[in-house]
Amino acid sequence: MANHDDGYKLLFSHPRMVEDLLFGFVQEDWVEHMDFSTLERVSGNYVSDDLRERESDMVWRVLWGDDHWLYIYLLLEFQSTVDPYMGIRVMTYKGMLFQDIIRQKLVLPSGKLPPIFAAILYNGHGRWNAAKDVAELIERVPGLEEHHPHLGYCLLDVRQMTAPQRESSRNLVSALFRLERSRGVAEVQQVLVALGEWLREPEHADLQRAFAVWLARVLLPARMPGVTVPEVGNLQEVTSMLAEIDWSREWRQQGFEDGLAQGREQGIERGREQGIERGREQEHRQDLALLRKTLLRQLGLRFGPLPDSVSERLDAIDSLERLADLIVESTAAPSLSALGLD
C-alpha cells in the first residue's frame with residue numbers, strides 16, 4: 001500500500017487541484033483576485049539538509065491582481081496527531097523560502113518580498129489544538145511582547161469539510177474529500193461517476209490517472225484490507241474493478257468517520273455533526289442531479305431523441321445506487337423498455 005502523503009503529493013502536483021483547494025476552501029478575499037491560469041510549481045530544494053527536507057511540502061506561485069506574484073506554501077500534513085509546534089515549522093520554512101527568493105533575485109520592484117501563504121491540510125482523528133500563531137508559543141514577559149514574532153498559517157481540517165464554501169459545481173478537492181469520507185463501495189462509485197464526467201476531456205488524462213492511482217494504491221487497500229487491487233490507468237478501469245468487488249466485505253472506516261464517532265461517543269461537537277449531515281444531504285441531491293443528467297445524455301446518444309416520460313421517470317428515482325446501475329445497464333440494453341424507462 002502506497003504512502004498516504006505520497007498519494008496526496010501526486011494529486012496536488014496538478015494546478016487544478018491547488019486551484020480547487022484555494023478557491024473552494026480558503027475563505028479569504030484575496031483568493032478571488034488570483035489568476036489561477038498562472039499557477040506554477042516552484043522548487044522546494046531551498047530547505048537545508050539539517051532541516052530534513054520534506055517530500056510532502058509543495059510550493060506554488062500565482063499572479064495576484066495585475067502583476068503581483070503570491071507564493072503559496074502547502075504543507076501537506078496527514079497525521080493522526082497534532083504537532084504543537086507547527087507554528088515554528090511554518091516560520092522556519094517561510095524564512096528559508098524568503099532567503100531563496102532573495103538569492104534568486106525575485107524581490108519585487110518595490111524592494112519588498114512577495115507574500116507567502118501557508119496552508120496545512122490535517123486529517124487527524126482529534127481536533128487541531130496547536131497554536132496558530134508563533135507568538136502564542138512564547139512565554140509572555142512584561143515589556144518583551146513587542147519583540148515576539150507574529151506569524152500564522154491557514155489550517156484546513158479535512159474531516160470538517162463537506163461542500164466548497166464558494167459556489168463550484170465541479171470542485172475536484174471536494175470530490176477527493178468525499179472519497180476519504182466514503183462509507184462503502186457504493187459511495188465511491190457515485191463520486192467516480194462525477195469525476196469521470198468532469199475529467200473526461202483528453203487534457204485531464206494525467207489528473208484522471210492520478211485519481212485512479214490514489215484510489216488503487218492508497219484508499220481502497222486501506223479501506224478493504226486483503227482485497228487485491230490491480231494496476232489501473234484511468235477512472236473507468238477503477239469503476240470496472242469496483243463492480244467485481246464483493247460489496248459484503250467490511251469497509252474499514254478511517255480518519256473522518258473515526259473522528260466523528262469519537263465525538264458522538266463523548267457527546268461533543270453536536271452542531272458540527274449536524275452541519276456535516278446537512279452537507280451530505282446537499283451532496284446527495286447534487287449527486288442525483290448529476291447522475292440523472294449523465295444517464296439522459298447517455299440514453300440520448302444510444303437511442304436518439306427521448307420522450308418526456310423518460311426524464312419524468314428519472315426524476316422519480318431517489319436512489320443513487322439505482323441510477324448508477326442504470327448507467328451501467330444502458331451501455332448494453334437493447335431498448336428503453338428493457339430498462340423500464342419507456
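His148 is buried, with a relative accessible area of 15%; buried means under 20% relative accessible area, exposed over 50% and partly exposed in between, using a 1.4 Å probe and protein chains only. His148 sits in the loop between strand S4 (116-122) and S5. Leaving aside residues up to four places away in sequence, His148 touches Ile138, Glu139 and Arg140, where contact means heavy atoms within 4.5 Å. Helices (H or I, at least four residues) and strands (E, at least two) are DSSP runs, numbered from the N terminus.

This is a predicted model, in which local features need pLDDT of at least 70 and side-chain atom pairs count only at pLDDT 80 or more, while totals for chains, interfaces and linings use all residues. Residues are numbered from 1 along each chain as its sequence is written, and side-chain values use heavy atoms, with hydrogens and water left out.

**The chain and its cores**

The chain contains eleven helices and five strands. Of its 342 residues, 49% are buried. Among contacts between residues at least 6 apart in sequence, 68% join residues at least 24 apart.

A nonpolar core is a set of buried Ala, Val, Leu, Ile, Met, Phe, Trp, Tyr and Cys residues joined through side-chain atoms within 4.5 Å. The largest such core has 60 residues, and Phe12, Leu195 and Phe211 have the most contacts inside it. Helix H6 (residues 205-223) supplies the largest share of this core, ten residues. A second, separate core has 15 residues, including Val310, Leu320, Leu326 and Leu341.

Helix H4 spans residues 172-181. Axes are lines fitted to C-alpha atoms, for helices over the stretch in contact, and angles run from 0 to 180 degrees between N-to-C directions.

| Pair | Axis separation | Angle |
|---|---|---|
| H2 and H4 | 7 Å | about 85 degrees |
| H4 and H5 | 9 Å | about 165 degrees |
| H4 and H6 | within 11 Å | roughly 15 degrees |

Angles under 35 degrees count as roughly parallel, over 145 as roughly antiparallel, 65 to 115 as roughly perpendicular and the rest as oblique. With axes crossing at roughly 15 degrees, H4 is roughly parallel to H6. The crossing of H4 and H6 is right-handed; a crossing is left-handed if the near helix is turned anticlockwise from the far one by less than a right angle, and right-handed if clockwise. On the H4 side, the contact is made by Leu172, Leu176, Leu179 and Glu180, and on the H6 side by Leu207, Phe211, Trp214, Leu215, Leu219 and Arg223. These residues divide into eight nonpolar, no polar and two charged. In this grouping, Ala, Val, Leu, Ile, Met, Phe, Trp, Tyr, Cys and Pro count as nonpolar, Asp, Glu, Lys and Arg as charged, and the others, Gly among them, as polar.

Helix H2 (residues 15-25) packs on H4 at an angle of about 85 degrees, so H2 is roughly perpendicular to H4. From H2, Arg16, Met17, Asp20, Leu21 and Phe25 meet Leu172, Val173, Ser174, Leu176 and Phe177 of H4. By class, the contact of H2 with H4 has seven nonpolar residues, one polar and two charged.

Helix H5 covers residues 185-198. H4 and H5 are roughly antiparallel to each other, and H4 passes H5 in a left-handed crossing. Here Leu172, Ala175, Arg178, Leu179 and Arg181 of H4 make contact with Glu187, Val188, Val191, Leu195 and Trp198 of H5. The residues of this contact are seven nonpolar, no polar and three charged.

Glu180 lies in H4 and counts as buried, at 4% relative accessibility. Its C-alpha atom is separated by 9.8 Å from that of Leu215, 35 residues apart along the chain.

Asp157 belongs to strand S5 (residues 154-157). Asp157 also counts as buried, at 8% relative accessibility. Not counting residues up to four places away in sequence, Asp157 touches Tyr122 and Trp128.

Glu329 is found in helix H11 (residues 320-330) and is partly exposed, with a relative accessible area of 36%. With residues up to four places away in sequence not counted, Glu329 touches Arg322 and Leu339. The C-alpha atoms of Glu329 and Leu339 are separated by 7.5 Å, the two residues being ten apart along the chain.
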